[in-house]
Amino acid sequence: MFAQTPLQDRAGHYDRLAPYYDRLHHRWLRHAGGEAQAALEALVRVLATPQTTLLDAGCGTGHLARSLIAEGMLPQSMTLLDPAAAMLALCADIPAEKVNGRLEALPFQDDTFDLVTCAWALETVPDPFVALSELCRVVRPGGALCLAFCADRPVRGVADRLMRQALLCRGTGRFLSCAGVLRDIERFDGFEARAIPSHGPAATILARRAANKT
Ligand SMILES: C[S@@+](CC[C@H](N)C(=O)[O-])C[C@H]1O[C@@H](n2cnc3c(N)ncnc32)[C@H](O)[C@@H]1O
């Protein structure tokens, strides 16, 4: 399912991109990924309580964490992880734990977090399956994983086509198969996954882990 052009490790790219990232990402959300992002944020709002322990993996400049804190979530129960030091530096205002690390080797014990989020990062790693297995590993039984990613969905118009082309040309990501990601998640210990409908070349997935480990 991930048999597309191999991606090189692009974490270093985000160190260089950090000063411009928010502006570029806002453009992506406005023209292509906005519905998927809104679906992800709605899921997190429904699932999280102030005390929920949350890992935002591939946190970037901390957009998701800031909006959750503004709504009452405790920053002390959040962990922000990213391999790009320059992106993490832009999270300095967020009083959450920050970890320099990678999706493919999360530096946490099994079953650590109530909720794991990963927005627009799964498609940037060379091996998304390894990243998925790590994300699922750190979700505690009864917890959930929420994903938003660039997905191989029908292109709606010029804006979708241009955004898609720009991303492919930069070589910073790829368009994953939503059905394939769903299938892969369900291979992991007690997980059930479903896609939240949205338009655009993007997908949002909610994966819940059964309370009792199977
Ligand atoms: C498109 S940005 C998304 C940032 C943020 N989640 C957001 O919604 O704005 C991709 C992020 O993934 C990070 N990243 C790249 N390779 C990674 C890896 N192997 N493990 C974890 N994060 C990675 C980048 O540094 C960058 O911050």
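**Helix α6 and the cores around it**

Six of the eight residues of helix α6 (residues 178-185) are buried, so the rest of the structure largely encloses this helix. Buried means under 20% relative accessible area, with exposed over 50% and partly exposed in between (1.4 Å probe, protein chains only). Helices (H or I, at least four residues) and strands (E, at least two) are DSSP runs, numbered from the N terminus. This is a predicted model: local features need pLDDT of at least 70, side-chain atom pairs count only at pLDDT 80 or more, and totals for chains, interfaces and linings use all residues. Residues are numbered from 1 along each chain as its sequence is written, and side-chain values use heavy atoms, without hydrogens and water.

The buried residues of α6 are Cys178, Gly180, Val181, Leu182, Asp184 and Ile185. Their cover includes α4 (128-137), β5 (139-150), β6 (191-196) and β7 (202-209).

Now the core. A nonpolar core is a set of buried Ala, Val, Leu, Ile, Met, Phe, Trp, Tyr and Cys residues joined through side-chain atoms within 4.5 Å. The largest one has 34 residues. Leu55, Leu135, Leu147, Val181, Ile185 and Ile205 have the most contacts inside it. Two or more residues each come from β1 (54-57), β4 (113-119), α4, β5, α6, β6 and β7. Another core, of 32 residues, lies apart from it; Leu64, Ala65, Ala96 and Ala148 are among its members.

Take Ile205. Contact means heavy atoms within 4.5 Å. Beyond its neighbours within four places in sequence, Ile205 contacts residues including Cys178, Val181, Leu182 and Ile185.

Thr61 sits in the loop between β1 and α2 (63-70). Thr61 counts as buried because its relative accessibility is 4%.
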